[in-house]
Amino acid sequence: MATNITWHPNLSYEERKTLRKQHGCTVWLTGLSASGKSTVACALEQLLLQKGLAAYRLDGDNIRFGLNKDLGFSEADRNENIRRISEVSKLFADSCTVSITSFISPYRADRDKARELHKEAGLKFIEVFVDVPIEVAEQRDPKGLYKKAREGIIKEFTGISAPYEAPEAPEVHLRTDLKSVEECANIIYEYLVREKVI
């Protein structure tokens, strides 16, 4: 850990909120591969931007092309992946942007740490469980990953050979096999409005 560093204070969150006329928060979408996280996150980002709100989507696959390209899929690497995203998402939220993350984030403890990090900074953290039966996720399988996992080609695949710990009390619970993408995005948007997050 670095020791010869100094934290330089920024504008306060309240000052930034007043100037930008918007609250910041993190909307954390979690669920199995092929549950629809990225698709719902894209729709939500577009909806918020169309309503004149600053929003930015951090996607699990996209982040692994840059910030987290040095990480694999071991439990330790998955933990570090989520730790980094928690920090980046917190920075976006602190800038009064709606940060939308779409990550499998299979471990409850990692998501709890992300929530605590936001809480310590006085920032809202909204966990969205993008739920779908594993049979439906396997039928969708747009990348062919479940097939490879079942064949043993992919090791430590969440939901097959690695655990997924579902949220116990998410702020929003979506069933993407029962609702359209637009309906799911609207459910999240309505939650944010109802709770005066936006």
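This is a predicted model: local features need pLDDT of at least 70, side-chain atom pairs count only at pLDDT 80 or more; totals for chains, interfaces and linings use all residues.
Residues are numbered from 1 along each chain as its sequence is written, and side-chain values use heavy atoms, with hydrogens and water left out.

Let's start with the record: an unreviewed UniProt entry annotates residues 24–174 as "domain: APS kinase" (positions are in the numbering used here, feature names are shortened, and annotations may be inferred rather than shown by experiment). The end C-alpha atoms of that span sit 22 Å apart, and 42% of it is helix and 18% strand. Helices (H or I, at least four residues) and strands (E, at least two) are DSSP runs, numbered from the N terminus.

Now for the inside. A nonpolar core is a set of buried Ala, Val, Leu, Ile, Met, Phe, Trp, Tyr and Cys residues joined through side-chain atoms within 4.5 Å, where buried means under 20% relative accessible area, exposed over 50%, and partly exposed in between (1.4 Å probe, protein chains only). The largest core has 25 residues, and Val27, Val128 and Ile188 touch the most other members. Strands 1 (25–30), 3 (98–102), 4 (124–131) and 5 (172–175) each give two or more residues to this core, as do helix 2 and helix 8 (181–194). Leaving aside residues up to four places away in sequence, Val27 touches Leu44, Val98, Ser99, Ile100, Thr101, Ile126, Val128, Ile188 and Leu192 (contact means heavy atoms within 4.5 Å).

On to the open space. A pocket is an open set of points on a 1 Å grid over the protein atoms alone, where a 1.4 Å probe fits, with protein on both sides within 12 Å along at least five of seven lines; lining residues have an atom within 4 Å of a point. The largest pocket holds about 720 Å³, a volume being the space filled by probe spheres set on the points, which are joined across faces, edges and corners. Its lining has 32 residues, with Ser33, Asp61, Ile104, Lys143 and Leu145 closest to the centre. Helix 2 (37–50), helix 3 (60–63) and helix 4 (75–94) each give two or more residues to that lining.

Finally, the backbone. Most residues other than glycine have a negative phi. Ser105 has a positive one, near 35 degrees, in the loop between strand 3 and helix 5 (108–120). Asp141, with phi of about 25 degrees, lies in the loop between helix 6 (134–140) and helix 7 (145–150).
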